[in-house]
Amino acid sequence: MKPTSDGALLTAELKIAGRLDARFFTLLKALQDTGSINRAARTAGLSYKGAWLLLEQACNLANEPLLRTATGGAGGGGTRLTEAALALLAAWQDLQAEHRDFIRAQEARLAQLPALHGLIRRMSMKTTARNQFAGTVGAVEAGPVSAQVTITLASGVEITATMTSAAAQRLGLARGQEALALIKASAVVLVTDFAGWQLSARNQLQGTLSRIERGAVSSLVVLTLPGGAAITASVTNEGVEALGLKVGVPATAVFKASAVMVATQP
């Protein structure tokens with residue numbers, strides 16, 4: 001399941017014979033319309049060589065000609081679809097229409113299950129922010145210039161974000177509203193010992209290190225919070241060594257309220 005450009009939450013790729021997909025039939029349709037492999041390839045987003053490769057593979061699988069090529073003459077040259085290819089294209093178009101109707105019917109069925117529908121919508125956002133938390137708006141404190149928003153997770157953990165008052169108004173933020181908090185891993189600082197110091201960062205979430213994914217230069221360090229939510233920080237390998245970060249070690253994820261982006265559904 002994933003959202004499409006029109007906001008649909010369900011998608012499924014239709015293929016014939018496990019390999020003839022939308023791109024192949026776009027090529028066939030363009031070939032039918034133009035009679036030119038070159039122009040059809042451009043329409044399908046393929047190179048001339050790539051188009052021929054797809055067509056040749058399909059012809060080999062069909063075990064009968066799908067293309068009819070003419071060279072010059074009174075009617076001019078070009079490439080035409082054979083009856084077999086036209087039948088294949090027509091079958092695809094019929095199946096595709098039925099496939100769209102099926103997906104729409106399942107979307108409607110999903111809409112009758114509000115809890116599941118909401119869950120999938122929350123999971124559907126595509127973003128580079130490593131940390132995404134679903135919760136509800138617990139408080140909105142708006143001033144003339146900036147606003148402070150608190151998002152409460154199901155576990156009771158609170159994340160505070162700051163934004164312009166105009167942004168808060170545009171999002172229509174209100175207490176009890178569903179919202180997502182997004183934080184880039186690079187914005188999260190891990191602290192294992194405050195040594196008596198206090199930090200100005202508004203968000204300080206305590207937890208236990210549960211996973212360390214070491215890379216060539218930096219590591220992704222995962223901190224599991226009370227209630228099971230996890231937050232990831234990007235830490236240099238030198239930092240991992242210097243702090244002695246290991247699975248099971250208690251730590252605090254620290255990040256500024258200004259590093260939190262808030263997303264809501266209209």
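Predicted model: local features only at pLDDT ≥ 70, side-chain atom pairs only at ≥ 80, totals over all residues.

Student: Is methionine 163 buried or exposed?

Tutor: Methionine 163 has a relative accessible area of 14%, and under 20% counts as buried, so methionine 163 is buried.

Student: Where is methionine 163 found?

Tutor: In strand β5, which covers residues 158-164.

Student: Which residues have the most contacts inside the largest nonpolar core?

Tutor: Ile159, Met163 and Leu190, in a core of 34 residues. Strand β4 (residues 146-153) gives the most to this core, with 4 residues. Another core lies apart from it, with 23 residues, including Phe24 and Leu55.

Student: New topic: how many aromatic pairs are there?

Tutor: The count is 2. Phenylalanine 24 and phenylalanine 25 have ring centres 5.0 Å apart and planes at 80°, so that pair is edge-to-face.

Student: And what about phenylalanine 25 and tryptophan 92?

Tutor: Their ring centres are 4.4 Å apart and the planes are at 10°, so this pair is stacked. It links distant parts of the chain, with phenylalanine 25 in helix α1 (residues 22-34) and tryptophan 92 in helix α4 (residues 83-111), 67 residues apart.

Student: Is tryptophan 92 buried or exposed?

Tutor: Buried, at 4% relative accessibility. Phenylalanine 25 is buried too, at 2%.

Notes
Residues numbered from 1 in each chain as written. Heavy atoms only, no water. Core = buried A, V, L, I, M, F, W, Y, C linked by side-chain atoms within 4.5 Å. Buried < 20%, exposed > 50% of the residue type's maximum accessible area, 1.4 Å probe, protein only. Helix = DSSP H or I, 4+ residues; strand = E, 2+ residues; numbered from the N terminus. Phe/Tyr/Trp six-rings, centres within 6.5 Å; stacked < 30°, edge-to-face > 60°.
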